[in-house]
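Open the model in your viewer and keep the selection panel at hand. This tour goes from confidence to aromatic rings.

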Amino acid sequence: MAETKPNSAEQMFKGGINKEIDLVNRDPNHINEDVVKVDFEDVIAEPEGTYSLDGVWKTSFTVFTVSKYWCYRILSAIFGVPLSLIWGFYFACLSFCHIWAIMPCIKSYLIEIQCINRIFSLCIHTFCDPFYEALGKIFSNIRVNLHKEV
């Protein structure tokens, strides 16, 4: 039996919507590597000579870490899906504008500028080339000799 190749709509569906996600490495392109990676030591630090009690330091570390963890979890649970919907719409509109408005305008501009480029090039070659060729012939006979006197 002959195999049938999937059409582009099937390929797009498999590549976009059914794409498997990595639940372990959630930042494979490292876009948030140094931006929002904030630990307790990055925010709170005690210089030498002004240490708090060890129990206070350990409790502060635990409270900071747990509150950051749960606050992020709660905020992402409440706002994650609606914001992903908004960002999906935004990037869809951005892609739509780029594909259907911006690129045709740029392509149209490039086609139209070629006509102007030909006219400009013709004017330059007609008027400037003879002038500079004549200047080149005038100054081509000038010879400069340098002599160093001791």
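## Confidence, then rings

Start by colouring this predicted model by pLDDT. The protein averages 86, and 88% of its residues score 70 or more.

Select residues 8-16. This is helix H1, with a mean pLDDT of 50, the lowest among the elements of the protein. Where pLDDT is low, predicted coordinates should not be read in detail. Now switch to H3, where the mean is 94, the highest among the elements. Helix H3 covers residues 54-139.

Next, show the aromatic side chains. How many aromatic pairs does the structure hold? There are eight. A pair of rings is described by the distance of the centres and the angle of the planes.

Select tryptophan 87 and tyrosine 90. Their rings are edge-to-face, with 5.5 Å from centre to centre and 90 degrees between the planes. Why are these two residues about one helical turn apart? They sit three residues apart in helix H3, so about one helical turn separates them.

Check accessibility here. Tryptophan 87 is partly exposed, at 47% relative accessible area. Tyrosine 90 is partly exposed too, at 44%.

Phenylalanine 91 has a relative accessible area of 47% and is partly exposed.

Last stop: select Phe40, Trp57, Phe61 and Phe64. Ring pairs join these four residues into a cluster.

Notes. Residues numbered from 1 in each chain as written. Predicted model: local features only at pLDDT ≥ 70, side-chain atom pairs only at ≥ 80, totals over all residues. Heavy atoms only, no water. Phe/Tyr/Trp six-rings, centres within 6.5 Å; stacked < 30°, edge-to-face > 60°. Helix = DSSP H or I, 4+ residues; strand = E, 2+ residues; numbered from the N terminus. Buried < 20%, exposed > 50% of the residue type's maximum accessible area, 1.4 Å probe, protein only. pLDDT = per-residue confidence, 0-100.
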